[in-house]
Amino acid sequence: MFSNLGEKLQNTLRRLKGKGKLNEKDVDAAMREIRLALLEADVNFKVVKDFVAAVRERAVGHEVMSSLTPGQQVVKIVNEEMTRLMGQEQSTLSSSKGQTSIMMVGLQGSGKTTTAVKLASHLKREGRNPFLVAADIYRPGAVKQLEVLTESIGVKSYSNLEEDPVKICSEGLKMAEREGCDVTIIDTAGRLHLDDEMMSEITEIKNTINPDEVLLVVDAMTGQDAVNAASSFREAVGLSGVILTKLDGDTRGGAALSVRAVTGCPVKYVGVGEKLDALEPFYPDRMASRILGMGDVLSLIDKAEASIDQDKAKEMEQKLRKQQFTLDDFKDQIAQLRGMGSLEEIMNMLPEAGNLPKEVKQMSMNEDNFKRVEAIIGSMTKGERQNPAILNSSRRRRIAMGSGTTVQDINRLINQFNQMQKMFKQMGAADKKGASKKMKKMKKRFPF
Ligand SMILES: Nc1nc2c(ncn2[C@@H]2O[C@H](COP(=O)(O)OP(=O)(O)OP(=O)(O)O)[C@@H](O)[C@H]2O)c(=O)[nH]1
Ligand SMILES: [Mg+2]
């Protein structure tokens with residue numbers, strides 16, 4: 001995704017990071033490169049100008065220039081400004097309960113129908129009960145396309161080729177209620193170009209059914225054309241959000257980086273493939289980190305969350321409450337995090353990570369390390385695993401022999417285990433005091 005832009009920005013920033021001290025000339029040279037990279041990625045020229053000015057102003061500030069790691073600070077600034085550019089916070093659907101209606105609009109071929117079904121599938125996974133309405137009666141096969149797709153995800157739909165689109169929509173809404181569905185997604189017809197006829201039809205639908213959301217679907221591959229379409233739709237019908245499709249292709253990034261700044265409309269989702277599960281909520285911070293090659297750590301955590309055994313996590317929480325966390329549990333935890341890089345890499349992205357003990361941060365979750373931990377713990381007796389406090393030096397020597405490791409390895413592991421235990425106690429205490437939202441989220445995701 002946006003690989004060309006990412007590569008260029010990363011190269012520029014890497015050079016900055018490599019310098020011990022920065023002066024204004026270094027910053028200016030870097031800003032020129034960033035400006036060029038953004039323009040080449042088809043970011044709106046005015047957006048580029050404002051962005052570069054904002055980054056420059058902060059980058060040549062006293063705090064950055066006099067800091068020990070000025071290059072690193074500039075990277076942080078670019079990341080923050082890019083996040084801000086894309087809307088700062090994730091923008092969700094305006095209503096998450098009760099009867100909700102969502103109208104999809106957009107130019108022909110932008111991905112409306114596919115995205116409508118993807119969204120239904122996404123909302124279904126979130127526990128809602130979606131319903132689809134096919135209001136595109138012009139293109140032959142459009143209704144059938146929607147029917148086939150909705151059936152494939154087990155969602156009901158409505159259409160009626162005898163009626164006009166406005167009537168279909170109001171009928172569809174009633175039908176959805178009768179069927180006991182709580183989200184109605186309406187797929188409208190697209191035209192090749194913005195024209196009055198299309199605008200007046202969707203305006204009429206909008207005025208009749210008064211939907212909770214009007215989402216514009218735009219093809220990110222079309223760059224600034226997508227942004228222009230968003231401006232026109234916003235003026236003509238009003239939009240509550242944008243969905244960018246085809247971000248999986250060799251999209252340059254111009255649309256994703258400019259649409260919010262130019263139109264003021266938040267990007268709510270992105271389409272990342274033709275399959276019906278290829279829709280993701282849009283997180284400005286994650287997208288910025290992805291472009292800048294900082295790794296999409298939170299998405300990684302989402303993945304981890306999906307792979308972590310929820311029953312085990314509950315059991316673990318009970319143990320933690322009773323402070324019965326043993327070395328066996330420690331091993332299980334590491335096994336679940338295996339292959340995700342070091343905890344430090346993962347947690348550096350979270351502001352609270354600074355408070356984590358060094359021993360915990362430096363734990364590496366790679367395969368070799370895991371094998372070593374497994375061997376060490378495997379060479380312990382049950383009593384030792386339950387209560388590592390009894391591990392005196394002769395026991396440690398025996399375990400090192402048995403596991404083919406050294407006493408230092410054992411010491412390090414016990415140290416990490418102790419620190420982790422201490423961290424849980426702190427987390428427990430923070431919980432009582434009302435921990436920050438991020439910390440709670442982290443705890444939920446890493447239920448050790
Ligand atoms: N690679 C990729 N293809 C997509 C994505 N979203 C949609 N498509 C493809 O884009 C093409 C057009 O999608 P449709 O959903 O039919 O577009 P539409 O806006 O409903 O088109 P009309 O109804 O003709 O206006 C299809 O081949 C989709 O598979 C995406 O996120 N990634
Ligand atoms: Mg369609």
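Helix α2 has 17 residues and spans 24 Å from first to last C-alpha, close to the 24 Å expected at 1.5 Å a residue (the expected span is 1.5 Å times one less than the number of residues). The model is predicted: local features need pLDDT of at least 70, side-chain atom pairs count only at pLDDT 80 or more, and totals for chains, interfaces and linings use all residues. Residues are numbered from 1 along each chain as its sequence is written, with chains lettered from A and ligands numbered from 1 in the order in which they are written.

Colour Val27, Ala30, Met31, Ile34, Ala37 and Leu38, the buried residues of α2 (buried: 20 or more other C-beta atoms within 10 Å of its own; exposed: 12 or fewer; partly exposed: in between; C-beta atoms placed from the backbone). They cover an arc of only 125° around the axis, so they sit on the same side of α2 (the arc is that of the directions from the helix axis to the C-beta atoms). Lys25 and Arg32 are exposed on the other side.

Next, select helix α7, residues 142–152, where Val143, Leu146, Leu149 and Thr150 are buried. Viewed down the axis of α7, these fall within an arc of 135° and therefore line one face. The face turned away carries the exposed Lys144, Val148, Glu151 and Ser152. Just after α7, show glycine 154, with a positive phi of about 70°.

Note on methods
Helix = DSSP H or I, 4+ residues; strand = E, 2+ residues; numbered from the N terminus.
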